[in-house]
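Here is my notebook from a first walk through this structure.

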Amino acid sequence: MNTVFNPAPAVSLPVNGRAERFPVHRIYCVGRNYEEHAKEMGFTGREPPFFFLKPADAVVVVNTRETGSMPYPSLTQSLHHEIELVVAIGTGGKNIKAADAHKHIYGYAVGLDMTRRDLQNDMKKQGRPWDIGKAFDHSAPIGPVTPVAQAGDVAQAEIYLKVNGADRQRSNVSKLIWNIAETIEHLSSAWELQPGDLIFTGTPRGVAAVAAGDTLVGEVAGLGKLSVKIA
Ligand code: MN
């Protein structure tokens, strides 16, 4: 194909135990999906799931045993961390029932839904889209995809984030308000899921600001550690 300029390179993630990579299509994110986090943001914790997106090229690929680098973004005084379990879709579909959702999952990863909280809050107040707060460049550091068969019982896995060695977020994936299967059911009623889609499933309570020079280390048990330094 002749193009008027070179297309952007495809975004992909390493896959644990394989040479082939996981090509990223879209990044969907679930809002307020742990009750204690919904409460810290001023909500009841009991509402239907809602979604926003990040562009695929917002991914910062972080390899196993490496510390990734995320530049401190422009326009914000309040860059927040949100550690999340990420579901990697291998088989697409629409109107997927929760009972069938597992057939569509290729694997799981650990991701950070980095957020310009001050800009997101401004947009919320004005009833405007969240994109400037959520979908900015480098806003999605993410580790390798672990295929389902090697991932263990992710639905019951501990999840935590430390900043400079100190605990900031700690919970368990079992505390998701809308579990993985229910999230896929809701999401696929609104969009047709495609192979390569990533779903950030939501963050536990404890979100807070980070500064340039901080090192973030997060983990979902069974999926390995994600380490990122804010440059
Ligand atoms: Mn989030």
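**Entry: the end of α2.** I began where helix α2 stops, and found that G127 comes after it with a positive phi, near 65°. I keep in mind that this is a predicted model.

I then went back into the helix itself, which runs over residues 117-126. Which residues of α2 are buried? I noted R117, L119, Q120 and M123. These residues sit on the same side of α2, because they cover an arc of only 160° around the axis. Next I looked up what the buried residues of α2 pack against, and I found β7, β10 (115-116) and α3.

**Entry: helix α4.** My next stop was α4, residues 180-190, where I180, T183, I184, L187 and S188 are buried. Why do they end up on the same side of α4? Their arc around the axis is only 120°, which puts them there.

For the packing partners of the buried α4 residues, I wrote down β3 (27-30), β4 (51-54), β8 (83-89), β9 (105-112) and β15 (198-200). I also checked how α4 starts: a side-chain oxygen of N179 comes to within 3.1 Å of the backbone nitrogen of A181.

**Entry: salt bridges.** How many salt bridges does the structure hold? I got 10, and I looked at some of them one by one.

E47 and R32 form one of these, with 2.9 Å between the closest N and O atoms. E47 is in the loop between α1 (35-40) and β4, while R32 is in the loop between β3 and α1, so the pair ties together parts 15 residues apart in sequence. Are the two partners buried or exposed? E47 counts as partly exposed because its relative accessibility is 26%, whereas R32 is buried at 14%.

Another salt bridge joins the side chains of E82 and K134, at 3.2 Å from N to O. This pair links distant parts of the chain, 52 residues apart: E82 is in the loop between β7 (79-80) and β8, and K134 is in helix α3 (residues 131-134). I found both E82 and K134 buried.

I also looked at D167 and R170, whose salt bridge has its closest N and O atoms 2.6 Å apart. D167 is partly exposed, with a relative accessibility of 42%, and R170 is partly exposed too, at 41%.

**Entry: positive phi without glycine.** I finished with two backbone angles. H138 has a phi near 65°, which is positive in a residue other than glycine. I located H138 in the loop between α3 and β11 (140-142), and it counts as partly exposed at 34% relative accessibility.

N164 is not a glycine either, yet its phi is positive, at about 50°. Where is N164? I found N164 in the loop between β13 (158-163) and β14 (166-172). With a relative accessible area of 52%, N164 is exposed, since the cut-off for that word is over 50%.

Conventions: Residues are numbered from 1 along each chain as its sequence is written. This is a predicted model: local features need pLDDT of at least 70, side-chain atom pairs count only at pLDDT 80 or more; totals for chains, interfaces and linings use all residues. Side-chain values use heavy atoms; hydrogens and water are left out. Buried means under 20% relative accessible area, exposed over 50%, partly exposed in between (1.4 Å probe, protein chains only). Helices (H or I, at least four residues) and strands (E, at least two) are DSSP runs, numbered from the N terminus. The arc is that of the directions from the helix axis to the C-beta atoms. Contact means heavy atoms within 4.5 Å. A polar contact is a pair of N or O atoms within 3.5 Å; within protein, one must be able to donate a hydrogen and the other to accept it, and residues adjacent in sequence count only if both atoms are side-chain atoms. A salt bridge is a side-chain nitrogen of Lys or Arg within 4 Å of a carboxyl oxygen of Asp or Glu.
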